[in-house]
Structure formats: structure tokens, C-alpha cells
Amino acid sequence: HLLSAINGAAVARGSSFLRDRLGRRVLPEGMTLIEDPHRPRNPASKLWDAEGLPSARKALVEDGVLATWVLDLASARRLGLRSTGNAARGTSGTPSPAVTTVELTQGPASREALMARMGTGFLVTSLIGSTINPNTGDYSRGASGFWVEGGRIVRPVNEGTIAGNLIDMLARLVPANDARPHLTRVVPSLLVEEGMTVAGA
């Protein structure tokens with residue numbers, strides 16, 4: 001959802017909950033989100049984008065602060081900016097902004113340590129459906145996973161609902177240290193400590 005909100009096409013349309021937050025904090029201090037299109041042996045890596053511009057490693061969010069939009073030529077022109085070399089296209093259709101490989105700063109603690117810190121809560125392992133307001137960041141999704149009490153998994157949960165606001169959720173993320181480096185999205189388990197509602201039977 002963060003990547004969708006900083007996509008230049010969404011920002012140019014005004015349909016992004018982060019449209020007024022360039023240069024402002026969107027993640028906790030110390031968290032950086034890097035795009036690296038030159039990662040070796042990664043199928044998403046590329047030297048040029050779909051419009052022939054050179055790609056480059058860059059911080060999308062640096063030390064918690066939103067550093068750039070993700071732009072192709074068209075979205076950059078609409079925003080009065082320069083392309084970030086992020087054009088992508090399929091076999092048919094015009095180019096649009098997209099990211100390649102991204103990596104989020106990991107924390108020092110394991111997922112088990114974050115569960116212990118959470119105490120009682122919901123360990124989400126899969127999400128179902130989507131009700132997201134792209135303009136406000138209001139968020140509601142079906143979810144499955146496990147209920148945690150005393151920092152330990154006690155039972156499975158199916159067909160629950162989690163809800164909140166993405167601006168508040170992103171600002172309260174606590175990362176674990178379990179990201180898998182071979183994936184295109186190198187993102188660890190994340191704890192949202194406050195500001196979410198969990199519902200279900």
C-alpha cells in the first residue's frame with residue numbers, strides 16, 4: 001500500500017493518501033525503504049526502464065522520511081518533476097510507474113520477540129479481499145492467522161477483520177529481523193502496536 005501511494009500516476013490523479021507528504025515522515029525514524037533495480041540474479045532487476053532511461057538504486061523512504069515519488073515520463077511531466085527511471089510496461093498498453101526490487105530496514109528482534117512484546121494480539125499470515133480508501137488511507141481487510149496470548153500462539157483464526165488507517169499504521173511499524181533476502185520484496189515481519197481494530201467471531 002505504501003508503494004501504491006507513492007506511485008506517480010496515483011499522486012498525479014490526487015488519489016493517494018500520501019500526496020501531501022513528500023519530505024515528511026511516513027515511517028518510524030530509522031526505517032529506510034530502498035529500491036535496487038541492479039540486484040544480482042534477481043528476475044526483476046534491469047539496467048533501463050521501459051522508456052529507455054537508466055535505472056538506479058535509490059531510497060524511496062529515507063530514515064522514515066518520504067524521499068521521492070515513483071515516476072515515469074508522463075507522471076513526472078504532470079507533476080513538474082523528472083522521471084525516476086521507473087517506467088514499466090507489458091506486451092500491450094502504455095508505460096506506467098512501477099518499482100523493481102525493494103528492501104525495508106530490518107530490526108534487531110526476531111518475530112518471536114515481537115510476539116512476546118505484543119503479548120495479546122493477532123498474528124496475520126494471510127489477507128482476504130480489500131477495502132482501502134486510496135484518498136484517506138482508511139483500511140479494512142479480511143485476515144487469517146493465529147491468536148496470540150502471553151506472547152505465544154494459542155489458536156488459529158480464520159475470517160477475521162482488521163481495520164485502521166494506513167498513515168497511522170505505517171507510523172507505528174516495528175520490524176523484525178526475518179526478511180528473506182532472495183525475494184523481490186525483502187520485507188520482515190512487522191508489528192503494529194496501536195491503532196488497529198480486530199473483529200470476528
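Glutamate 193 is partly exposed, with a relative accessible area of 42%. Buried means under 20% relative accessible area, exposed over 50%, and partly exposed in between (1.4 Å probe, protein chains only). The model is predicted: local features need pLDDT of at least 70, side-chain atom pairs count only at pLDDT 80 or more, and totals for chains, interfaces and linings use all residues. Residues are numbered from 1 along each chain as its sequence is written, and side-chain values use heavy atoms, with hydrogens and water left out.

Glutamate 193 forms a salt bridge with arginine 117, whose closest N and O atoms are 2.9 Å apart. Arginine 117 sits in helix H4 and glutamate 193 in the loop between strand E12 (190-192) and E13, so the pair links parts 76 residues apart in sequence. Helices (H or I, at least four residues) and strands (E, at least two) are DSSP runs, numbered from the N terminus. A salt bridge is a side-chain nitrogen of Lys or Arg within 4 Å of a carboxyl oxygen of Asp or Glu.

The E12–E13 loop also holds glutamate 194. Its side chain meets that of arginine 172 in a salt bridge (3.8 Å, N to O). Arginine 172 lies in the loop between helix H5 (166-171) and strand E10 (173-175), so this pair ties parts that are 22 residues apart in sequence. Arginine 172 is partly exposed at 31% relative accessibility. Glutamate 194 is exposed, at 54% relative accessible area.

## A buried charged pair

The structure holds five salt bridges. One of them joins the side chains of glutamate 35 and lysine 58 (2.8 Å, N to O). Glutamate 35 belongs to strand E1 (residues 33-35) and lysine 58 to strand E2 (residues 58-62), so the bridge ties together parts 23 residues apart in sequence. Both partners are buried: glutamate 35 has 1% relative accessibility, and lysine 58 has a relative accessible area of 17%.

Threonine 68 is buried too, at 17% relative accessibility. It lies in the loop between strand E3 (65-66) and helix H3 (73-79). Leaving out residues up to four places away in sequence, threonine 68 touches Ile6, Leu22, Ala59, Leu60 and Thr84. Contact means heavy atoms within 4.5 Å.

## The five-stranded sheet

Strands E1 and E2 belong to an open sheet of five strands, ordered E3-E2-E1-E6-E11 with mixed pairing. E3 and E11 are the edge strands, each with a single partner, so one side of each has no neighbour in the sheet. Two strands pair if DSSP finds at least two bridges between them. E1 and E6 pair antiparallel over three bridges. Here leucine 33 stands opposite leucine 104 in E6.

## The four-stranded sheet

A second open sheet has four strands in the order E7-E8-E9-E13, paired antiparallel. Its edges are E7 (121-132) and E13 (197-199); each has a single partner strand, so one side of each is left without a neighbour in the sheet. The twist from one strand to the next averages 30°. Helix H4 (residues 111-118) packs on this sheet and touches E7, E8 and E9. The direction of H4 makes about 90° with that of E7. Axes are lines fitted to C-alpha atoms, for helices over the stretch in contact, and angles run from 0 to 180 degrees between N-to-C directions.

E8 (residues 138-149) and E9 (residues 152-165) pair antiparallel over eleven bridges. Glycine 142 has threonine 161 in E9 as bridge partner, and glycine 145 has valine 157.

## The largest pocket

The largest pocket has a volume of about 1600 Å³. On a 1 Å grid over the protein atoms alone, a pocket is an open set of points where a 1.4 Å probe fits, with protein on both sides within 12 Å along at least five of seven lines. Grid points are joined across faces, edges and corners, and the volume is the space filled by probe spheres set on the points.

The pocket is lined by 45 residues; Leu173, Pro188, Ser189, Leu190 and Val192 lie nearest its centre. Lining residues have an atom within 4 Å of a point. E7 gives the most to this lining, with seven residues. Elements that each supply at least two residues include helix H1 (2-5), strand E6 (102-104), H4 and E12.
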